[in-house]
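Work through the exercises below with the sequence and the coordinates open. Each task is followed by a solution in steps.

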Amino acid sequence: MKLREWLKEMEYELLQGNLDEEVDDVVYDSRKAAAGSVFVCMRGANVDSHKFIPDVIQKGAKVLVTEEVVKVPEEITVLRVGNGRNALSLLSAARFGYPARKMTTIGVTGTKGKTTTTYMIKAILEAAGEKTGLIGTNGAIIGSDHFPTMNTTPESYILQEYFAKMVEQGCRYMVMEVSSQSYLMHRVDGIFFDYSIFLNISNDHIGPNEHASFEEYLYYKKLLLQNSRVCLVNRDDGHFREIIEGAKAEIKTFSTEHSADFRAADVKYIREHDFVGLDFKMEGDYESRLRVNVPGLFNVYNAMAAAGVCSCLGLSKERVAHALEHMQVDGRMEIVYKSAKCTVIVDYAHNAVSMESLLMTLRDYKPKRLVVVFGCGGNRARDRRYSMGEIGGKLADLSIITADNSRFEKTSDILADIKTGLSRTEGKFIEIPDRREAIEYSLSHAQEGDIIAIIGKGHEDYQVLKGGVHIHMDEREIVRECLPLVPKR
């Protein structure tokens with residue numbers, strides 16, 4: 001390819017060189033630079049990659065994209081841009097031939113529920129016979145291939161590479177989680193979504209290395225509504241008016257409380273020996289009775305949004321209903337075991353907001369006892385530990401506190417902070433530092449009518465011990481191994 005063919009949608013200043021330079025790849029890691037590559041310089045929180053320019057020239061790269069004027073040999077082509085991350089996103093899309101434009105694209109944002117909603121949409125589309133790619137917290141899924149991801153929304157080059165693989169494998173649809181960080185870090189610049197969903201927003205992801213304030217968090221969340229053709233927005237969210245202000249997308253709404261395009265009514269909480277979930281009637285622009293294979297009122301919102309988007313695509317109501325009744329999301333309200341004796345759920349809830357929402361949801365199912373197994377991650381805010389301890393004490397009948405990912409802290413110190421929060425309540429708890437032993441205890445002491453929630457790690461299949469040592473740990477595997485311990489009476 002000629003360099004100029006990749007620059008049609010990008011603003012730049014040619015400082016020196018030739019736009020007819022032959023190029024074949026875009027790199028932002030200096031170690032991957034080679035002849036034919038375009039090296040994009042970016043200023044990060046810890047590293048400014050402009051300092052690696054001599055290395056990439058030595059490796060044969062003849063095109064540089066920089067944020068500043070640089071002195072290099074005259075045979076090197078230099079383009080100056082306002083933001084290197086934005087340039088990386090636009091160049092990556094061009095390098096792979098704009099693959100997202102070859103699919104119907106669906107983006108989902110929100111403080112809670114992104115992963116579940118994307119899985120719901122994927123399940124519905126696949127039930128309708130449509131091959132679908134997915135990208136989010138649990139990784140990228142393309143056909144039978146699963147690729148782990150470091151971020152909810154991967155770096156722009158990796159994102160475009162996944163899109164290209166989806167197109168190669170015949171995916172007609174792509175559904176992805178769109179985080180506020182992905183807009184802050186310019187990972188999704190240049191992507192226009194056919195449909196999008198704004199689930200909710202609450203006071204989270206604010207602090208060092210995240211957002212400076214709630215206002216900034218909301219600003220970046222709202223960018224999805226500037227880059228979509230149609231957006232479904234939760235009418236019941238307290239910030240609804242702020243969310244839709246200035247939106248360029250056509251707005252459709254979903255609600256359980258207000259007049260909206262999609263409404264849920266007659267919600268029933270179902271707990272049977274072989275099914276734990278929801279049943280509700282959907283009204284408005286889409287009329288159907290839906291049964292959802294995950295518990296909780298917030299999953300009524302997730303299911304409404306998923307069904308609403310799929311109704312815009314003209315999919316069969318029967319396929320939608322079947323998919324929602326049988327879908328499952330790894331580590332998100334995942335029912336690992338259910339019987340007349342007890343129900344065991346694994347969930348990713350790892351902060352105060354998600355923990356409180358989860359436990360209040362499970363209370364709606366009227367368990368005789370609600371047992372929660374949890375810890376907190378090391379090298380994270382201590383306030384989270386106090387809050388989670390207090391929530392466990394208030395909402396659970398029994399808290400079993402244990403290790404999560406201790407990282408570079410002592411588990412005993414983390415548990416001491418959790419106990420500080422527990423001490424503000426009259427809640428019962430026991431302390432079992434070894435996480436596997438804590439899970440074993442919860443099952444071996446299960447009582448009839450229990451709901452046991454094992455929270456904090458969800459889909460993760462590892463644990464990070466003190467010192468940063470990783471070991472294999474899949475809580476779903478542990479639960480299945482421990483089922484013989486469940487008392488028969």
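**Exercise 1: a loop lysine**

Lys-112 is found in the loop that joins β6 (104-109) to α3 (114-127). Helices (H or I, at least four residues) and strands (E, at least two) are DSSP runs, numbered from the N terminus. The model is predicted: local features need pLDDT of at least 70, side-chain atom pairs count only at pLDDT 80 or more, and totals for chains, interfaces and linings use all residues. Residues are numbered from 1 along each chain as its sequence is written, and side-chain values use heavy atoms, with hydrogens and water left out.

Task: classify the exposure of Lys-112 and list what Lys-112 touches, not counting residues up to four places away in sequence.

Solution. 
1. The relative accessible area of Lys-112 is 30%. Buried means under 20%, exposed over 50%, and partly exposed in between (1.4 Å probe, protein chains only), so Lys-112 is partly exposed.
2. With contact defined as heavy atoms within 4.5 Å, Lys-112 touches Leu-199, Asn-200, Val-353 and Ser-357.
3. The C-alpha atoms of Lys-112 and Ser-354 are 7.4 Å apart, although 242 residues separate the two in sequence.

**Exercise 2: aromatic pairs**

Task: describe the geometry and the setting of the pair Phe-214 and Tyr-217, then of the pair Tyr-269 and Tyr-365.

Solution. 
1. Rings of Phe, Tyr and Trp (its six-membered ring) pair if their centres lie within 6.5 Å; planes under 30 degrees apart count as stacked, over 60 as edge-to-face and the rest as tilted. The structure holds seven such pairs.
2. Phe-214 and Tyr-217 are 6.4 Å apart centre to centre with 75° between the planes, an edge-to-face pair. Both residues belong to helix α6 (residues 214-226), and because they are three residues apart, about one helical turn separates them.
3. Tyr-269 is in strand β14 (residues 262-272), while Tyr-365 is in the loop between α10 (352-363) and β19 (369-374), so the pair ties together parts 96 residues apart in sequence.
4. Tyr-269 is partly exposed at 32% relative accessibility, whereas Tyr-365 is buried at 5%.
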